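Morning, everyone. Let me put the model up, and then I'll walk you through it.

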Amino acid sequence: MAPAAASGGSTLPSGFSVFTTFPDLLFIFEFIFGGLVWILVASSLVPWPLVQGWVMFVSVFCFVATTTLIVLYFIGAHGGEASWVTLDAAYHCTAALFYLSASVLEALATITMQDGFTYRHYHENIAAVVFSYVATLLYVVHTVFSLIRWKSS
């Protein structure tokens with residue numbers, strides 16, 4: 001029973017409790033750091049367009065999906081249904097895996113561009129890598145507690 005209590009219970013919150021319960025409080029930080037990754041990758045120069053495309057897809061997809069879930073939870077669209085708990089766990093598992101792959105690829109691209117690119121572009125990519133790994137960590141933590149909530153529902 002303790003894990004369910006630690007994760008905010010076995011149901012999803014609605015209204016302003018979305019911003020005060022854990023792990024749903026992490027939505028705010030996922031939104032912020034995901035937006036930073038999106039902005040930094042969009043403004044930076046990456047030597048491999050395919051890598052930049054994947055990182056952009058992941059950051060935009062997760063940003064839009066996180067925003068959508070925040071709004072749906074806030075208005076109480078889930079109605080306390082158990083299927084929404086499953087959706088929450090599945091989304092965060094997918095987002096964590098996507099962000100991990102994007103973070104690794106962005107780090108690899110940044111390492112290879114150390115020579116031959118301007119100081120500004122290199123440091124923009126370093127910042128994108130750092131924020132991408134922070135977003136990955138947030139999604140992993142949210143995934144763990146979403147799975148605990150799913151198991152207890």
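α2 and α5 are roughly antiparallel to each other, because angles over 145 degrees count as roughly antiparallel, under 35 as roughly parallel, 65 to 115 as roughly perpendicular and the rest as oblique. The two pack at an angle of about 155°, with their axes 8 Å apart. Axes here are lines fitted to C-alpha atoms, for helices over the stretch in contact, and angles run from 0 to 180 degrees between N-to-C directions. α2 passes α5 in a left-handed crossing. Left-handed means the near helix is turned anticlockwise from the far one by less than a right angle; clockwise would be right-handed.

Some ground rules. This is a predicted model: local features need pLDDT of at least 70, side-chain atom pairs count only at pLDDT 80 or more, and totals for chains, interfaces and linings use all residues. Residues are numbered from 1 along each chain as its sequence is written, and side-chain values use heavy atoms, with hydrogens and water left out.

Now the overall picture. The chain has 5 helices and 0 strands. Helices (H or I, at least four residues) and strands (E, at least two) are DSSP runs, numbered from the N terminus. Along the sequence the pattern reads α-α-α-α-α. The C-alpha trace spans about 55 × 25 × 20 Å along its principal axes. Of the 153 residues in the chain, 39% are buried. Buried means under 20% relative accessible area, exposed over 50%, partly exposed in between, with a 1.4 Å probe and protein chains only.

Back to packing. Helix α4, residues 82-112, and helix α5, residues 119-152, pack at about 155°, with axes 8 Å apart. That makes α4 roughly antiparallel to α5. Their crossing is left-handed. Next, α3 and α4: the axes come within 9 Å and cross at roughly 155°. α3 and α4 are therefore roughly antiparallel to each other. Their crossing is left-handed.

What joins α4 and α5 at the side-chain level? The structure holds 1 salt bridge, meaning a side-chain nitrogen of Lys or Arg within 4 Å of a carboxyl oxygen of Asp or Glu. The side chains of Arg 149 and Asp 88 form it, at 3.0 Å, N to O. Arg 149 sits in helix α5 and Asp 88 in helix α4, 61 residues apart, so the pair links distant parts of the chain. Both residues are buried.

Phe 16, Phe 19, Val 71, Phe 74 and Ile 75 make a nonpolar patch of about 490 Å². Patches take residues with over 30% relative accessible area and no salt bridge; like charges are joined within 9 Å, nonpolar side chains (Val, Leu, Ile, Met, Phe, Trp, Tyr) within 5 Å. Ile 75 lies in helix α3, residues 49-75. Is Ile 75 buried or exposed? At 59% relative accessibility, Ile 75 counts as exposed.

Two last residues. Ser 14 is in the loop between α1 (2-6) and α2 (26-43). With 37% relative accessibility, Ser 14 counts as partly exposed. Ser 14 and Leu 72 are 58 residues apart in sequence, and 8.4 Å apart in space, C-alpha to C-alpha. Val 144 is in helix α5, and at 42% relative accessibility Val 144 counts as partly exposed. Val 144 and His 123 are 21 residues apart along the chain, with their C-alpha atoms separated by 32 Å.

Terms used: Areas by Shrake-Rupley, 256 points an atom, 1.4 Å probe, with all protein chains shown as cover.
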